[in-house]
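Trainee: I am new to this structure. Could you take me through it step by step?

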Amino acid sequence: MPDKGSKGFSRRGFIARTSSIIGAVTVAGGAAATTARAAATTARAAVATSATAAPIDSGAHVPVLIIGTGYGGSVAALRLAQAGVDVHMIEMGMAWDTPGSDGKIFANTTRPDYRSFWLRTRTKAPISNFLGFPIDKDVPRYTGILDAEEFNGITVYQGRGVGGGSLVNGGMAVTPKRERFGAVLPSVDANEMYDVYYPRANAGLGVTNVDQAWWETAPCYQYARVGRKHAQRSGFPFVFVPNVYDWEYMKQEEAGTVPRSSLDGEVLYGNNYGKKSVQKTYIAQAKATGRVSISPQHKVTSVAPATGGGYTVSIDQINTTGDTTATKTVTADRVFFAAGSVGTSKLLVRLKATGRLPLLNDEVGKGWGDNGNVMCGRANHIWDATGKLQASMPTAGIDNWDAGGAFAEVAPLPTGIETYASLYLSITKNPHRAEFSWNAATGNVDLNWQRAWKQPAIDMAKSIFDKINSKEGTIYRSDLFGGNKVWGDHLTYHPLGGAVLDKATDNYGRLHGYSGLYVIDGSLIPGNTSVNPFVTITALAERNIEKIIATDL
């Protein structure tokens, strides 16, 4: 499908050249034919290894149905299958196993096209402007990979497709410090998490550490070394963090022996080669058991108790423009909600309010938070160049959690040109929590977040960056978020909560009021993890599914 391109702006040529600010690298040609052949071969291999079976039939009965294919759902599918249970997974997004006309499955971040956004006609990049120019563009409406879902006061970025959020994040696989865990999940035994389930999750996700000797000289991490220098000169701890990227592949990217992926800025709209999404880890292992099947482009609309036991599940099959092409009804003995914090919370709130699951308790929809996310950029001096070539996979952060309530990811800002700029995504100890509620007048689920609730997050992030700017004699960038805004306070990458553990559910994710209904995703975590959350989501899922298999099946 062709890209319609930008409209209504006379300087669109300049915008096109600078739109790579949203997190990618423009790489010069060279050995183009070889790279194209290698890309096509890799894409064909991906299709061969990840092809999904025929979608579920109306009238089918399954022992376990999992709604969603992200971190929690993928863990549940694998462990249930290993225990001998047949599982069917329902995924609203696409399978992402078929290359486009460019020979690649995923679109490049610098060149968004129909694959990039979920049912939008214009992109909505997290960074919307560069040097005063808007960089969003018109695209065809399509079931693309990144959803920018808009609620009151906040845009929530979520992955759409088999693999969920693992498809579109930067792969920062951070385990929270043990002493902070009690504030994250107070009803969970920290010893068992750190002795058993965090190690299991890290192994299952393929988490590794960057080769620091290589990192010290790699041109693609010059931006991170500048971030380290500035942090340490202001007295802040600079910490390396693990990632799920294949570091050997990245070294080959740098050497020019494989198609570039991180070094071509692939992150927001998927990563074609080097990143280990759950497609390549938990889901691949689950499907290899022969007991797991997946229906992409299927959306669960209702779950209700079935006559005679189990649950009746209504599902809409959709096409690539979001239209319903078939409506199906299936039955399942057990149902796991794993549609992500927003997806699970919205569905449960709707089912309770409309009488499908009226016995759900009043905690459903509560305890939602943004992980304290806030973004900012800093304009450095000309002697602190951050590099034209920047890896899209971050490796480090600045830890001021104990003193100032903020952990800041040193993020890439690769444009293909030198910007002398540093970008940060902060995770903060923001105390505000929102609630999902049913709006009968509109037939929608609303979220009562308020933009003003971001101010504590900004203040906590300022505890780092005001001091660095003062020490370095630098200023904040005001051209990245529109309207001369310094702070990106309009978004979250890390939605959490809405069906909180030991409140909406018991201490292992069993929903109160119904036997055989479970929550196993980020909605269990009340709003904050103190770091990037996906390792904690995975580890909690490992803990909960082990208990459920041992006691319920």
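Mentor: Two ground rules before we start. This is a predicted model: local features need pLDDT of at least 70, side-chain atom pairs count only at pLDDT 80 or more, and totals for chains, interfaces and linings use all residues. Residues are numbered from 1 along each chain as its sequence is written, and side-chain values use heavy atoms, with hydrogens and water left out.

Trainee: How many helices and strands does the chain have?

Mentor: Helices (H or I, at least four residues) and strands (E, at least two) are DSSP runs, numbered from the N terminus. By that count the secondary structure comes to 13 helices and 21 strands.

Trainee: What percentage of the residues is buried?

Mentor: Buried means under 20% relative accessible area, exposed over 50%, and partly exposed in between (1.4 Å probe, protein chains only). Of the 553 residues in the chain, the buried share is 60%.

Trainee: Among contacts between residues at least 6 apart in sequence, what percentage joins residues at least 24 apart?

Mentor: Contact means heavy atoms within 4.5 Å. Among the contacts you describe, the share is 73%.

Trainee: Why is strand β15 described as largely enclosed by the rest of the structure?

Mentor: In a regular strand the side chains alternate between the two faces of the sheet. In β15, A421, L423, L425 and I427 point one way, S422, Y424, S426 and T428 the other, and all are buried. The strand is largely enclosed because its buried residues number 8 of the 8.

Trainee: Which strands run antiparallel to β15?

Mentor: Strand β12 (residues 374–379) is joined to β15 by 6 bridges, with A379 partnered by A421. Strand β14 (residues 406–411) also pairs with β15 over 6 bridges, and F407 stands opposite I427. The names are β12 and β14.

Trainee: Which are the edge strands of the open sheet of 3 strands?

Mentor: The sheet has the order β5-β6-β20, with mixed pairing. Strand β6 (residues 154–159) runs parallel to β20 over 2 bridges, where T155 has L491 as its partner. Each edge strand pairs on one side only: they are β5 (146–151) and β20 (491–492).

Trainee: Is Q297 buried or exposed?

Mentor: Q297 sits in the loop between β8 (292–295) and β9. Its relative accessibility is 17%, so Q297 counts as buried.

Trainee: What separates the C-alpha atoms of Q297 and G93?

Mentor: Leaving aside neighbours within four places in sequence, Q297 is in contact with residues including M92, G93, M94 and Q317. Q297 and G93 are 204 residues apart along the chain, yet their C-alpha atoms are separated by 5.0 Å.

Technical notes: Pairing = 2+ DSSP bridges.
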